[in-house]
Amino acid sequence: MNGHHTSIPISDDSKTPLLAADNPQFHRSGSFRSTVNSIFTLKNLYVVLGPVLCAAVCSFMKLEGSSPGSRNMLGVLVWVFTWWLTEAVPMPITSMSPLFLFPLFGITAADEVAHNYMNDVIALVLGSFILALAVEHYNIHKRLALNVTLLFCGEPLNPPLLLLGICATTFFVSMWMHNVATAVMMMPVATGILQRFPAGPSRSVAQSKFCKAVILGVTYATPIGGMSTLTGTGVNLILVGMWKSYFPDADPISFNTWSFFALPMALLIFFVFWVVLCLMYCPKGSGPALSTHLDKTQLRRELNALGPMAFAEKTVVAVFSILIFLWMTKNITDDIPGWGALFDGRAGDGTVSVMMATLLFIIPNQKQEGEKLMDWNKCKKLPWGIILLLGAGFAIADGVNKSGLADILANALNFLHKAPYLAVAPAVCLISSLITELVTSNNATTTLVIPILIQIANTMHLHPLSLIIPGAIGAQFAFMLPTATPSNVVGFSTGYIDIPDMIKIGLPLKIVGITVVSLLMPTLGRFVFGTDKPM
């Protein structure tokens, strides 16, 4: 360590002493001012703001018919959401705060809160992420990219078709993998195709537009594909988990039930999205300008360089395919029970997810003696932040319910029961999408709005799903700002697109999405979820 640092450097080297003996930080006189400055920063102000607002709510807020428990719960909610929104404390750490706040404020016992942090939904996410890491490790995504480009290139090159191929592949991958994992996996695939074009001023307008179209395509096909299955995104899992915890006696939303509704919806939005992309970024006659750089023989050469699929790659694909098959056949219909019936409904989607992920640590990869397909070192990249955030979401839902805060919120929203459903559903969708866009993550938005929407549905005498589904899906319509979702960040960070590009495509996409959900929910939704039957 040299002596010129003004702050203590942190080294990854385990042998580096934590405090260097000659660090000037500890000898400099007049460091009082710098100490004061380092204490009074905006971030530290936000750290204090959480507990201060919580104390204010608990001391001064009078809720009609409230108990101390429900007031404390509201205070804790304000504290947790203040930290989430300002990121005063890292998000995963804020996500763990219910573990100490709930018991200390007398909301629920420590064990009850902790149960929310590891349930079947979280097991499902864990297993899926381990499989996604295996796909990445064996370069299966690169092979996929080259095959897609070859398949959709067309002779002569047809840019809208190639764009459809890339977007549809992303959509399909996102159905089975978490949005962040899909974006991180497919973006190298997209940039790999675009690197064939010249960079800088020598790039023609047609090439530049096509580059933007591909990056926007992958960025937005990711959340659209994610909506269509339960495993595609954390939001759908939160929705299912909360539905189960609020209405334990109601029919749970199974993988198939969700897909019957969400897949047609997502395909409709996807089709409009592709048309809008082509109109804005694929002008007629752009084929020749692109075809010189997308040479089929060169693509084939690269694919041949990867060689035939080895045993390890084939096995990972097989394990993933079996998992998808098991998810789809757990509960088929009321008349045809799936394999779930063999276990009296005790096995969940998380059960098979973790079981199949475990196989990767047992099957040898046949590359080196004794080496398995996956080892724990390769799992170091598991996104624990998302897993803790999911746990926090379930804990908050549980707390809002048990503390009686849910009923108080319901009474406050009584005025809504006169509004027509076709006015409320788009409003719910829009509000959810704006909260995600401007304020917080789509998972946190869903966690925040679902308990409130359940109460609004009760006041309006509606089936709860007819509002919480538009609310949860709306939270995924964050298409306009790079910071709105991690997949937007991944697309924006490639450098091919800027904010005006995102708004130009994102705004029509948001309007289309809200319209489609508002129209499908009272029609297809009524048929799939039985929202016309009383609860």
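Helices α7 and α16 are roughly antiparallel to each other, a label given to angles over 145 degrees, whereas angles under 35 degrees count as roughly parallel, 65 to 115 as roughly perpendicular and the rest as oblique. The model is a predicted one, in which local features need pLDDT of at least 70 and side-chain atom pairs count only at pLDDT 80 or more, while totals for chains, interfaces and linings use all residues. Residues are numbered from 1 along each chain as its sequence is written, and side-chain values use heavy atoms, with hydrogens and water left out.

**Overall composition**

The chain has 24 helices and zero strands; these are DSSP runs numbered from the N terminus, helices being H or I of at least four residues and strands E of at least two. Of the 535 residues in the chain, 52% are buried. Buried stands for under 20% relative accessible area, exposed for over 50% and partly exposed for values in between, with a 1.4 Å probe and protein chains only. Among contacts with a separation of 6 or more, 77% join residues 24 or more positions apart, contact being heavy atoms within 4.5 Å.

**Two helix pairs**

Two packed helices are described by the angle between their axes and the distance between the axes. Axes are lines fitted to C-alpha atoms, for helices over the stretch in contact, and angles run from 0 to 180 degrees between N-to-C directions.

| Helix pair | Axis distance | Crossing angle | Handedness |
|---|---|---|---|
| α7 (residues 120-137) and α16 (residues 311-329) | within 10 Å | roughly 150 degrees | left-handed |
| α12 (residues 234-246) and α18 (residues 384-402) | within 10 Å | roughly 30 degrees | right-handed |

A crossing is left-handed if the near helix is turned anticlockwise from the far one by less than a right angle, and right-handed if clockwise. In the α7 and α16 pair, Leu124, Ser128, Leu131, Ala132, Ala134 and Val135 of α7 meet Val316, Val319, Phe320, Leu323 and Trp327 of α16. The residues of this contact comprise 10 nonpolar, one polar and no charged. Here Ala, Val, Leu, Ile, Met, Phe, Trp, Tyr, Cys and Pro count as nonpolar, Asp, Glu, Lys and Arg as charged, and the others, Gly among them, as polar.

Helices α12 and α18 cross at roughly 30 degrees, which makes α12 roughly parallel to α18. From α12, Gly234, Leu237, Ile238, Gly241, Met242, Ser245 and Tyr246 take part in the contact, and from α18, Leu390, Gly393, Phe394, Ala397, Val400 and Asn401. This contact divides into eight nonpolar, five polar and no charged residues.

**Helix α15**

In α15 (residues 296-306), Lys296, Leu299 and Leu303 are buried. Seen down the axis of α15, these residues fall within an arc of 65 degrees, so they line one face of the helix; the arc is that of the directions from the helix axis to the C-beta atoms. The buried residues of α15 pack against α8 (140-152), while Arg301, Asn304 and Ala305 are exposed on the other side of α15. Just after α15, Gly307 takes a positive phi of about 75 degrees.

**Individual residues**

Most residues other than glycine have a negative phi. Glu87, in the loop between α3 (68-86) and α4 (91-96), has a positive phi near 50 degrees and is partly exposed at 46% relative accessibility. Gln366, in the loop between α17 (349-359) and α18, has a positive phi near 55 degrees and is exposed at 59% relative accessibility.

Ser259 lies in helix α13 (residues 255-281) and is buried, with a relative accessible area of 15%. Not counting residues up to four places away in sequence, Ser259 touches Ser228, Thr229 and Pro264.
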